[in-house]
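Here is a protein model to read step by step. Keep the sequence beside the picture as you go.

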Amino acid sequence: DVRQVLHALEAASSGYSKQLRIFATGQKGTLLALQALAKLRRSGSLPIFTFDGAKPEEVKAYAHEDLQVEGIHNYCLSLGTESQWYQAEIPWGSALLVSNSTTVMPLAKA
């Protein structure tokens, strides 16, 4: 549940006063982490974060023993402190649809 992830992010970062590394595993875990960060807003600020691949052994260093970390869908999202967030309203002037059948070159030209 996205709300649970948001509460966990706030607690783990001491109210967004500390930087936080978020490890996401699997397609569902990755989608949930991205959904939570997309919904995150505080005092009109939008979070700044990076999104990089993570090696299974890197994830396992932070995971509980029962978690199976396999495959290539392991990611590390680094969330900056709230003081580093972006202050702005995003105007919705256009839209881009990205699906599992979207090719890379048209996105590069967009």
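Predicted model: local features only at pLDDT ≥ 70, side-chain atom pairs only at ≥ 80, totals over all residues.

Residues are numbered from 1 along each chain as its sequence is written, and side-chain values use heavy atoms, with hydrogens and water left out.

Start with the sheet. Helices (H or I, at least four residues) and strands (E, at least two) are DSSP runs, numbered from the N terminus. Two strands pair if DSSP finds at least two bridges between them. Three strands make an open sheet in the order β1-β4-β3, with antiparallel pairing. β1 and β3 (49-53) stand at the edges with a single partner strand each, so one side of each has no neighbour in the sheet. The twist averages 20° from one strand to the next.

Now look along β1. It pairs with β4 over six bridges, in the antiparallel sense. Isoleucine 22 stands opposite leucine 77 in β4. Phenylalanine 23 has cysteine 76 of β4 as its bridge partner. In a regular strand the side chains alternate between the two faces of the sheet. β1 shows this: Leu20, Ile22 and Ala24 point to one face and are buried (under 20% relative accessible area, with exposed over 50% and partly exposed in between, using a 1.4 Å probe and protein chains only).

Next come the helices. Two packed helices are described by the angle between their axes and the distance between the axes. Axes are lines fitted to C-alpha atoms, for helices over the stretch in contact, and angles run from 0 to 180 degrees between N-to-C directions. The axes of α1 (residues 2-12) and α2 (residues 26-39) come within 9 Å and cross at roughly 70°. Val2, Val5, Leu6 and Leu9 in α1 meet Leu32, Gln35, Ala36, Leu37 and Lys39 in α2, where contact means heavy atoms within 4.5 Å.

Finally, which residues does isoleucine 22 touch? Not counting residues up to four places away in sequence, isoleucine 22 touches Leu9, Ala33, Leu37, Tyr75, Cys76, Leu77 and Leu79.
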